[in-house]
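Subject: Structure handover

Hi,

Here is the structure for you to look through. My notes on what was found in it follow below.

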Amino acid sequence: MLSRTASLLYWMSRYVERAENTARILDVAYRMSLLTKDSDLQDQEWFAPLNITGTLFPFSGRHSLVCAKEVLHFLALDADNPSSIYNCARQARENARTVRGTITSEMWEVLNATWLEMQNMDEDRMYAKGISSFFEWVKERSHLFRGVTFGTIRRDEAFQFARLGTYMERADNTARILDVKYHVLLPSVTDVGGAVDYYQWSAVLRSVSAFESYRKVYRDTVTPLKIAELLILRDDIPRSLRFCMRDVADILRTVENRISLEATRQAGEIHASLQFGRITDVFDYGLHEYLTRFLLSTDRLGAEINSSFFAPQLKPADEP
Amino acid sequence: MPPKSLYNEMYDASGAVRPHYTAFHEWLSHTPAEKIAQNRQAADLMFHRVGITFAVYGESSGTERLIPFDIVPNVIAGQTWDLLSRGLSQRIRALNAFLHDVYHGQEILKAGVLPREKVLGNSQFRREMVGVDVPGGIYAHVAGIDLVKDADGQYYVLEDNLRTPSGVSYLLENRKMMMRLFPELFSAQRIRPVDHYPDMLLETLRNAAPFGVDHPTIVVLTPGHFNSAYFEHAFLAQQMGVELVEGADLFVQDETVFMRTTQGPQRVDVVYRRIDDDFLDPLAFRTDSMLGVPGLMGAYRAGRVTLANAVGTGVADDKSIYPFVPDIIRFYFNEEPLIPNVHTYMLDNPDDLAYVLEHMHELVIKEAQGSGGYGMLVGPTSTKDERERFRQRVLDAPERYIAQPTLSLSACPTFTTGGLAPRHIDLRPYVLTGKSVNFVPGGLTRVALREGSLVVNSSQGGGVKDTWVVD
């Protein structure tokens, strides 16, 4: 497969997954803000989505004030924010258009229809539809795309690189969502373990659709330690770090080439540390510090994937 | 000059249906109008869904449009096509011989058949190709020859396209659409099939591989998805089962072309390129080209890769060379051309120039190096103002223009808002040259949808029809 094609497929899936996760993050922020009566604190909640998506800096370059309306617009609809849901939908469709010969027509039609609808979306229409319904719609389009992909495409390299993009992006996003509690301040120290704390943690769980799973696995009240264990170390939760990195490692072994051994090794190393890690050690190290280190390691892996499969500097030095 | 009577493809002068249209005419008069209307709508919907669109230059970026499709086919009798195909074969063999000659011994120039400066001074003459041997001596592997029929029903060659002729995907899709909508028409008579074109093209490209390469890797090189013909590039690559690449996917090392793949660099032997010469290699041609592959020309000259079509074919399809093609055929084969040229005035000839300036309202004046119907004046439909402006342009640089009598162009019944009405058509057969010369029967029929219009280009409001060769 052409390197460019592989790269376009990988990013097509990453954009779809990113749109979905941004919708999840915003939905949680929106729900959390409804829990807070104090309007100052309400605005506080809206720092979290910016911190999670790493867009606080570009946002504050253009807005003096962090408030619900501004953040929602910036992350959902802003054509000038390259990682807005709007732009993810555009990019995914653009990539799909370029590799139309490689994907199935059903995959193309989902992304094309999503973009056509997204193009017509503005603030008025989003509010008219209802904020939560809008996020629901984004998630559903992503589910549909994934389902159509699994249900129609041949199990070839194209499928592998598309999946690789999904899991790389999802691992990144779950780690960021889990880190949200580091960024969200509680009203006061005495609130630790209190009602607000509880709702915030369960909102994290709901944002990755893992609330029911948590109940089934632990049959217990919601505690930070168990939530972190579920989303970091369990291998049966489809949005957990371990689950994602297991698939990343598997895929990299499948598509291996002469210069991708380092990528395979790095993915294996990350997966092994998740497979054999203990949650108490994670908390001893510091959850925020642990997640920061994880994001650094997946960034490095992303760069390695890029230079092994997509990068232009491939030379036929070792051509047989 | 009295207006020439129109040649109608379906009816003869007395109004009787021509024999090769009988089966279609029979069907047309027995099929309810609602069914036809319904199917015409279905066709539009399907073309939209499949996304058979072309980008329009000059409109806001990303404008995608459908080429209007008309369901009344251009029907050609089998014997007529057989004669025609002999003429096309003769012409394309002569043009290939001409290209080989002008880049080698230049015998034709020594014999004085054409003026040296017309060839050597032509911007399409590529010095880089002098003395370069290409596999099989074939330059124009894929050619599109535009044919028109005058009032007498005789086919004429209007133009040769030997660079990167496009449109063949419409030919294939039109046929697919007709078979889907009106299968009964195809059981009522024998219509020669066309859908093996991609196989023939693949075979032609395989035959063009550098010497000693038995299992060549073939790619289609496209300028990218902003190009108006991108759909066709992707379509042909997919139909042939080869990679569709952009310039950045290829690189050259040690005079060998590689494509970047996820399994490492893979050698490329044949490039079916849909990029003009000028943009192929920034080291050899336009240095600002972002579309090409640095070093490609070096690998090509070294015989390590085949480009189809060859570099420098433009010198044989240039409008200033066109008037000499009958002489070119006579020179190499000692034969008379089987399909005549349209009479052409060359405006660097003072007698021709004087005549043309006197008769601008009757003639079509074209830029010798233009395409797409942009740089032309159609005399009979022009205003006095337009003629005055064109006169000035011609006088400024007469050598840049040619003129031809306005052909009446045959007309084919076509569905319009006011019902069936005759509209002017032309025909572009695609000619493949490998070990032998091959075609699929017929070609792409283009139709000028505006009443009285003679311009069939899709960028100027033209449509397309299926083309049937019937036995």
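H6(A) (residues 85–98) and helix H7 (residues 105–119) of chain A pack at an angle of about 145 degrees, with their axes 9 Å apart. Helices (H or I, at least four residues) and strands (E, at least two) are DSSP runs, numbered from the N terminus. Axes are lines fitted to C-alpha atoms, for helices over the stretch in contact, and angles run from 0 to 180 degrees between N-to-C directions. H6(A) crosses H7(A) in a left-handed way. A crossing is left-handed if the near helix is turned anticlockwise from the far one by less than a right angle, and right-handed if clockwise. H6(A) brings Tyr86(A), Ala89(A), Arg90(A), Ala92(A), Arg93(A) and Ala96(A) to the contact. Among the residues from H7(A) are Met107(A), Trp108(A), Leu111(A) and Trp115(A). Contact here is between residues whose C-beta atoms, placed from the backbone, lie within 7 Å. By class, this contact has nine nonpolar, two polar and two charged residues. Ala, Val, Leu, Ile, Met, Phe, Trp, Tyr, Cys and Pro count as nonpolar, Asp, Glu, Lys and Arg as charged, and the others, Gly among them, as polar.

Before you go on, note that this is a predicted model: local features need pLDDT of at least 70, side-chain atom pairs count only at pLDDT 80 or more, and totals for chains, interfaces and linings use all residues. Residues are numbered from 1 along each chain as its sequence is written, while chains are lettered from A and ligands numbered from 1 in the order in which they are written.

The axes of H15(A) (residues 241–255) and H16(A) (residues 261–275) come within 9 Å and cross at roughly 150 degrees. That is why H15(A) is roughly antiparallel to H16(A). The cut-offs are under 35 degrees for roughly parallel, over 145 for roughly antiparallel, 65 to 115 for roughly perpendicular, and oblique for the rest. The crossing of H15(A) and H16(A) is left-handed. Leu241(A), Met245(A), Val248(A) and Leu252(A) are among the residues that H15(A) supplies. H16(A) supplies residues including Ala263(A), Ala267(A), Ile270(A) and Leu274(A). The contact has nine nonpolar, four polar and three charged residues.

Glu262(A) is also in H16(A). A residue is buried if 20 or more other C-beta atoms lie within 10 Å of its own, exposed if 12 or fewer, and partly exposed in between, with C-beta atoms placed from the backbone.

Now look at H5(A), residues 68–77. Its buried residues are Val71(A), Leu72(A), Phe74(A), Leu75(A) and Ala76(A). They pack against H1, H3, H4, H6, H8 and H9 of chain A.

On to chain B:

H3(B) (residues 78–102) and H13(B) (residues 325–333) have axes that come within 9 Å and cross at roughly 80 degrees. The two helices are therefore roughly perpendicular to each other. H3(B) uses Gln90(B), Arg91(B), Ala94(B), Ala97(B) and Phe98(B). H13(B) uses Val325(B), Ile328(B), Ile329(B), Tyr332(B) and Phe333(B). Eight of these residues are nonpolar, one is polar and one is charged.

Which residues of H8(B) (residues 197–207) are buried? They are Tyr197(B), Pro198(B), Leu201(B), Thr204(B), Leu205(B) and Asn207(B). What covers them includes H6, H9 and strand E6 (218–221) of chain B.

Asp471(B) sits in the segment after strand E22 (462–470) of chain B. Asp471(B) counts as partly exposed, because it has 13 C-beta neighbours inside 10 Å. Leaving out residues up to four places away in sequence, Asp471(B) touches Gly78(B) and Arg190(B). Its C-alpha atom is 9.0 Å from that of Ile76(B), 395 residues apart along the chain.

Domains and chains:

Chain B is assigned domain 1 (19–342 + 407–470) and domain 2 (343–406). Such bounds come from an automatic or database domain assignment. The C-alpha centres of the two domains lie 26 Å apart.

Finally, 19 residues of chain B are in contact with 19 residues of chain A. On the chain B side, E9(B) gives the most, with four residues. That side divides into eight nonpolar, seven polar and four charged residues.

Best wishes

Conventions
Contact = placed C-beta atoms within 7 Å.
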